[in-house]
Amino acid sequence: MAEQSCAALLLPVVGNLSGAAAGAAASFICGRFENITAQFEAVSAQLTDTASAVDTTYLLFSAYLVFSMQLGFAMLCAGSVRAKNTMNIMLTNVLDAAAGGIFYYLFGFAFAFGSPSNGFIGRHFFGLKGVPAPGYDYAYFLYQWAFAIAAAGITSGSIAERTQFVAYLIYSSFLTGFVYPVVSHWFWSADGWASAFRTDDLLFRSGAIDFAGSGVVHMVGGIAGFWGALIEGPRIGRFDHSGRAVTLRGHSASLVVLGTFLLWFGWYGFNPGSFLTILKSYGPSGSINGQWSAVGRTAVTTTLAGCAAALTTLFGKRLLSGHWNVTDVCNGLLGGFAAITAGCSVVEPWAAIICGVVAAGVLIGCNKLAEKFRFDDPLEAAQLHGGCGTWGLIFTALFAKERYVNEVYPGHPGRPYGLFMGGGGRLLAAQLVQILVIAGWVSATMGPLFLLLRRFGLLRISDDDEMAGMDLTRHGGFAYVYHDDDSPGDGAAGFKHKSAVSRWSSP
Amino acid sequence: MAEQSCAALLLPVVGNLSGAAAGAAASFICGRFENITTQFEAVSAQLTDTASAVDTTYLLFSAYLVFSMQLGFAMLCAGSVRAKNTMNIMLTNVLDAAAGGIFYYLFGFAFAFGSPSNGFIGRHFFGLKGVPAPGYDYAYFLYQWAFAIAAAGITSGSIAERTQFVAYLIYSSFLTGFVYPVVSHWFWSADGWASAFRTDDLLFRSGAIDFAGSGVVHMVGGIAGFWGALIEGPRIGRFDHSGRAVTLRGHSASLVVLGTFLLWFGWYGFNPGSFLTILKSYGPSGSINGQWSAVGRTAVTTTLAGCAAALTTLFGKRLLSGHWNVTDVCNGLLGGFAAITAGCSVVEPWAAIICGVVAAGVLIGCNKLAEKFRFDDPLEAAQLHGGCGTWGLIFTALFAKERYVNEVYPGHPGRPYGLFMGGGGRLLAAQLVQILVIAGWVSATMGPLFLLLRRFGLLRISDDDEMAGMDLTRHGGFAYVYHDDDSPGDGAAGFKHKSAVSRVELTTAGNGRP
Amino acid sequence: MAEQSCAALLLPVVGNLSGAAAGAAASFICGRFENITTQFEAVSAQLTDTASAVDTTYLLFSAYLVFSMQLGFAMLCAGSVRAKNTMNIMLTNVLDAAAGGIFYYLFGFAFAFGSPSNGFIGRHFFGLKGVPAPGYDYAYFLYQWAFAIAAAGITSGSIAERTQFVAYLIYSSFLTGFVYPVVSHWFWSADGWASAFRTDDLLFRSGAIDFAGSGVVHMVGGIAGFWGALIEGPRIGRFDHSGRAVTLRGHSASLVVLGTFLLWFGWYGFNPGSFLTILKSYGPSGSINGQWSAVGRTAVTTTLAGCAAALTTLFGKRLLSGHWNVTDVCNGLLGGFAAITAGCSVVEPWAAIICGVVAAGVLIGCNKLAEKFRFDDPLEAAQLHGGCGTWGLIFTALFAKERYVNEVYPGHPGRPYGLFMGGGGRLLAAQLVQILVIAGWVSATMGPLFLLLRRFGLLRISDDDEMAGMDLTRHGGFAYVYHDDDSPGDGAAGFKHKSAVSRVELTTAGNGRP
């Protein structure tokens with residue numbers, strides 16, 4: 001086309017002159033233009049390739065960071081339980097990742113992001129069939145898998161130290177393979193009925209803004225854990241005869257701190273990574289305004305919320321309990337992170353500090369409530385992820401900034417934003433709907449499952465097993481052997497807790 | 001050139017007209033074209049720079065991840081040995097990295113990748129002289145160093161709890177500085193005789209496909225460990241008088257799980273990182289087909305193989321031993337990773353699951369065999385890295401997919417691929433040659449070395465030392481002091497295991513030796 | 001402009017001919033040229049966006065790595081103290097990061113990098129107001145925050161096991177919020193009076209080269225720790241009645257090794273990350289010479305310095321103390337890293353090995369001195385970060401290579417470089433000024449603060465508390481509960497160290513207090 005019109009325009013002009021030379025000149029100029037167009041196309045394609053490479057690099061390393069949170073969970077859980085149940089809880093954490101990998105590959109990812117689909121559940125990409133497709137590359141699957149296993153990890157903390165291993169295998173598969181993927185479809189897939197990414201027909205003309213999963217991940221894990229812990233009842237000895245709470249201390253604060261820091265480290269993949277891409281300009285191309293800056297801001301808001309929550313917890317617990325407690329500070333920190341996760345990309349750094357301060361209060365309040373109602377959650381997971389996650393969704397509805405909302409969720413000018421920022425109440429309505437729907441869905445699926453497991457006697461271990469510790473009775477021995485028997489030939493086991501062994505074998 | 005021809009073409013046309021204006025017009029048009037050409041050259045150079053930056057960022061962070069595996073090894077090894085030998089094994093892991101850094105800088109990298117060279121050994125880049133050269137930047141050295149120290153780390157697990165520290169220093173230097181670099185030259189350097197990257201004269205017109213090192217890293221480390229553990233013999237108490245195996249439990253399952261997860265984390269640098277670059281298009285430029293997608297696929301196959309192996313081990317060991325054991329699951333997981341490492345970039349995700357399931361079986365089988373022949377490897381390193389690594393090479397020969405093989409190893413259309421995928425047996429032949437050659441080379445170098453060390457009495461520690469623990473006798477005290485003496489002024493040492501200390505004194509007194 | 005001149009040039013030529021067609025031809029050609037110019041502008045803008053994305057990706061992941069050093073510090077500190085003070089030291093490490101985050105956001109970043117400003121202190125960007133601005137994006141704040149908390153982490157090691165928690169809160173806030181930001185302004189801000197990045201008026205026409213902070217981070221943390229540890233005095237039992245040093249062993253070597261490896265891992269963000277960008281060409285665009293290569297080289301020099309220091313320490317301590325000690329090797333390794341940090345980007349790899357070897361000697365010497373003068377630093381932080389950091393600044397002045405200095409600190413051709421490389425003594429002068437100024441500033445601010453805290457009785461805990469351990473008396477119980485009481489209903493605490501508990505009760509009873 002371009003060549004023809006070029007020659008058509010130029011030939012009459014030069015055509016009057018010496019024939020061959022004129023034609024050569026015209027075709028030369030036209031050829032050059034054509035050549036230039038081809039070169040621009042090549043440059044443009046190369047720029048597309050570059051963007052693919054940069055964005056994939058960003059997404060993959062974010063996915064690796066999110067995966068490292070699983071290590072953080074494992075260490076946090078291990079340190080928070082008593083030594084006699086360490087093997088059990090670590091095994092659940094390893095299996096969250098391993099079983100989650102298989103299930104999410106087979107159908108979880110398809111339920112969550114299979115596109116095109118209806119608003120309730122996805123129905124493509126089973127076994128990664130059809131991947132890579134535009135917008136759905138392998139790196140995206142890996143990233144979403146790392147999220148899915150995090151939700152299961154939360155729940156296993158709530159019901160630690162008293163759950164049969166078979167029960168764990170069943171609920172974990174169900175949660176990772178069905179309950180969680182459906183929720184993530186609703187709020188994160190472009191087809192989800194409440195998603196803020198929908199092209200049209202947004203819930204309350206807004207959609208729920210749950211950027212990295214205060215609701216989708218943390219509330220889901222927390223509420224599942226809540227029902228599990230409630231139905232199982234407290235651990236033996238957690239409340240004494242008069243009903244007073246007795247602290248059953250975890251066996252290693254070092255592992256708790258290690259796990260907390262690893263979770264913090266991984267959260268930099270969780271929150272900023274949820275942009276999925278980094279090479280995208282917001283302002284005019286070539287300016288400093290772009291997703292790269294929003295990604296950095298998200299990392300900053302995440303950091304500040306956690307820091308504020310940690311400091312608030314430090315001083316709050318000092319006033320309440322009289323000592324400076326590192327494990328409480330760690331939990332406060334994580335509560336701040338769980339809360340900021342929903343709004344991390346759309347709020348100002350100063351608002352993140354408010355988010356963290358309130359999250360610390362929410363966590364302390366939930367723990368008071370739990371103690372009052374004799375609810376026992378060894379890792380405070382229901383309170384932390386459920387309570388602070390809920391606050392995070394409300395917080396987003398209050399403090400989301402107009403410019404950031406429109407940059408992160410583009411294409412709907414005039415969409416609502418934070419109530420306190422002058423954006424009206426429609427976003428708040430959408431967020432409240434999200435809270436109710438998640439609470440309802442998880443309760444309606446996981447509650448009956450736990451009840452069913454209890455009915456069949458598969459849920460809770462026997463009292464003897466609980467006293468002796470699951471490691472000894474189910475997992476082949478204790479986790480630690482610091483003191484040798486010095487007579488390795490005298491038996492096959494080489495257990496450490498001599499007293500525990502004898503106590504367990506006598507009944 | 002272009003300018004001259006431009007003016008030559010245009011001047012006759014406009015030259016008939018008013019002289020000066022015509023010349024100005026012609027030179028204007030020609031100047032603009034020239035200018036545009038320069039601009040395209042600038043854009044192209046900038047795109048090259050961008051590609052360098054993106055690829056180096058990718059390679060460097062992959063190298064950091066691989067390095068974090070050394071931390072994983074240290075924790076895995078520490079948790080898998082008894083408390084009394086923790087300091088010893090952790091020191092070997094720190095030194096694998098530290099001594100490996102110096103040796104690999106001085107000559108290891110040169111032996112492995114010095115180019116141009118013959119097919120057997122490299123001979124440039126000693127002390128990084130001549131680096132950076134095209135294709136050989138500092139980031140590449142760092143990445144390869146992180147691989148080299150991993151091989152040494154595997155071996156130190158096999159001979160844990162009973163090896164003299166001097167023996168460790170000697171074999172570790174030899175392995176990292178010579179044995180491993182030569183193997184990596186054969187299979188990974190563009191000059192290597194069996195490399196799939198050769199430009200011509202491929203082994204069986206195929207070359208061995210060992211993408212990230214099931215053979216080059218894991219088999220080398222595992223076979224070296226096999227000979228070490230075999231020549232040293234089992235630990236005291238590992239097999240009782242009737243020859244029945246006695247489990248000598250590691251002292252901390254928490255450290256084992258920590259190490260396993262860190263290795264998993266680092267494996268994302270090991271396997272996907274082995275592409276070295278990420279900005280490379282496979283299909284037409286501008287499409288979604290490119291190395292970025294292959295890198296993601298590799299991460300997915302790696303994950304799935306490990307997950308499948310872990311689940312297989314969980315249920316397999318439940319049937320065999322009756323309990324759900326987390327350390328076994330961790331080992332199974334690592335076995336799956338070791339197996340998928342060779343073919344991670346050229347197989348489909350579903351094939352990776354098969355790879356993992358079989359790898360778990362291979363590991364269980366190897367462990368049964370080891371127990372039967374009274375072979376004692378405290379970390380199952382020889383079984384895990386040697387056995388599963390071997391299976392990984394065979395698996396690749398069976399399941400490598402044509403399209404992926406041609407994308408990852410381009411330039412040889414019609415090259416063979418997986419036997420079960422219809423690609424013929426030539427790849428399998430190349431892989432079997434690789435297995436035999438690696439086994440032969442490592443046995444021929446490391447076996448005599450260990451025998452020599454034993455001959456000079458440098459290999460194994462004394463029975464007394466082994467009973468007391470190496471930490472006490474060689475490394476200045478135990479790793480843990482959970483219980484204070486509460487009277488810190490009463491002695492310089494502050495040992496924890498009072499009973500252990502007194503026991504040692506008694507034992508040595510009983511033997512009539514000081 | 002371009003269009004007008006285009007039409008003006010072309011119209012006279014074609015104008016002689018048939019009017020309309022000529023005008024169409026001219027405007028066609030001119031339109032095409034115009035169009036091409038627009039396209040080039042778009043490509044150029046897209047390349048700028050790509051560079052922003054690549055550089056931010058690089059900087060953010062480097063920041064995450066540097067943050068992981070805080071975990072490394074926590075584990076290193078935890079393992080290096082006695083079990084009874086583990087909770088205390090870990091809490092300080094968590095709070096270094098948390099309190100540091102708030103303070104650095106509110107004013108620390110503004111003091112350090114608020115631009116434009118005078119040479120002494122910055123005065124913009126309070127509460128990140130005005131960010132993002134060109135050159136000051138959120139990722140840059142995050143990166144600098146991760147550095148700031150590292151300095152505070154160093155100091156908390158020096159005064160471990162005997163400091164009141166309130167004193168920690170006060171000095172830590174002061175250090176992270178004021179002392180450190182001011183120092184970093186001097187040497188790293190483009191406005192700083194001694195910065196090598198200044199556009200003009202460089203100190204000694206050179207500026208001090210402290211690339212990633214041997215002085216700014218390590219000396220600051222080390223000297224602050226020195227004064228703290230000196231003013232507090234040694235721990236009870238550290239020196240016996242005759243003044244002989246008694247080793248108070250840390251409670252877990254596994255945690256020490258874990259922390260060391262994590263610090264090593266994080267150092268790859270600390271040193272290579274300090275380039276802040278990776279997409280920048282040094283040579284002609286499109287060649288292999290660029291910041292990507294310099295970043296890789298920096299990672300290599302960092303690695304080699306640490307490795308050389310570790311090996312030197314291994315053999316040095318073997319000769320001195322007779323055993324192979326893993327915690328000493330870990331400290332030596334970290335000393336090598338602290339030393340190379342200043343010059344990592346401007347020296348050759350071989351020079352890094354020299355740096356590491358000497359750093360190991362410096363650390364051993366400083367430890368000997370500390371023991372002689374009965375200076376007690378539980379983590380050797382003052383010796384390690386202060387001593388090796390000082391050596392690092394001098395080393396840079398001796399071995400900085402001309403080409404690298406001009407690439408990393410461009411715009412001042414003929415600037416001085418390493419003395420031994422033929423670059424004259426002016427860089428050495430600038431580095432010596434830096435050493436003196438940092439030592440003076442930190443002493444003048446932190447020294448009086450610690451004295452003031454002592455005056456008000458806020459600095460050191462009581463002897464009873466120190467014997468019982470701070471975890472029990474201040475932090476709600478011990479860090480470890482390996483042995484259950486098996487009767488969880490009988491008490492609220494569930495402490496482990498029964499003997500410790502009873503001892504505390506006895507002690508307090510003896511004092512006539514409940």
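**View 1. The buried area between chain A and chain C in the predicted model.** In this predicted model, chain A and chain C together bury about 6,900 Å², and carbon and sulfur atoms account for 76% of that area. On the chain A side, two or more residues come from each of the helices α1 (2-15), α2 (19-80), α7 (253-270), α8 (291-321), α9 (326-340) and α10 (349-372) of chain A. Of these elements, α8(A) gives the most to the side of chain A that touches chain C, namely 15 residues. Sorted by class, that side of chain A holds 54 nonpolar, 20 polar and seven charged residues.

**View 2. Contacts and polar pairs between chain A and chain C.** The contact set joins 81 residues of chain A to 81 residues of chain C. Between chain A and chain C there are 11 residue pairs in polar contact, counted where both residues have a pLDDT of 80 or more, whereas the number of salt bridges between these two chains is zero.

**View 3. The buried area between chain A and chain B.** Put together, chain A and chain B bury about 6,900 Å², with 76% of the area on carbon and sulfur atoms. Three tyrosines of chain A, Y64(A), Y138(A) and Y482(A), supply 10% of the area that chain A buries against chain B, which is more than any other three residues supply. In terms of contacts, 82 residues of chain A meet 82 residues of chain B.

**View 4. Polar pairs and helices on the side of chain A that touches chain B.** Chain A and chain B share 11 residue pairs in polar contact, both residues of each pair being at pLDDT 80 or more, while the count of salt bridges between them is zero. At least two residues on this side of chain A come from each of α2, α3 (86-113), α4 (138-158), α5 (165-188) and α7 of chain A. The largest share belongs to α2(A), which provides 33 residues of the side of chain A that touches chain B. By class, the residues on that side divide into 57 nonpolar, 19 polar and six charged.

View 5. Chain B contains 16 helices and zero strands, and buried residues make up 67% of its 514 residues. Among the contacts in chain B that link residues at least 6 apart in sequence, 73% join residues at least 24 apart. The mean pLDDT of chain B is 88, and 89% of the residues of chain B reach 70 or more. Over residues 486-514 of chain B, however, the pLDDT is below 50, although this stretch has 41 contacts in the model beyond near neighbours in sequence. Where pLDDT is low, predicted coordinates should not be read in detail. For the model as a whole, the scores are ipTM 0.91 and pTM 0.92.

Methods. Residues numbered from 1 in each chain as written. Chains lettered and ligands numbered in written order. Predicted model: local features only at pLDDT ≥ 70, side-chain atom pairs only at ≥ 80, totals over all residues. Heavy atoms only, no water. Contact = heavy atoms within 4.5 Å. Buried area = accessible area lost by both parts, 1.4 Å probe. Salt bridge = Lys/Arg side-chain N within 4 Å of Asp/Glu carboxyl O. Polar contact = N/O pair within 3.5 Å; in protein donor to acceptor, adjacent residues only side chain to side chain. Helix = DSSP H or I, 4+ residues; strand = E, 2+ residues; numbered from the N terminus. Nonpolar A, V, L, I, M, F, W, Y, C, P; charged D, E, K, R; others polar. pLDDT = per-residue confidence, 0-100. Buried < 20%, exposed > 50% of the residue type's maximum accessible area, 1.4 Å probe, protein only.
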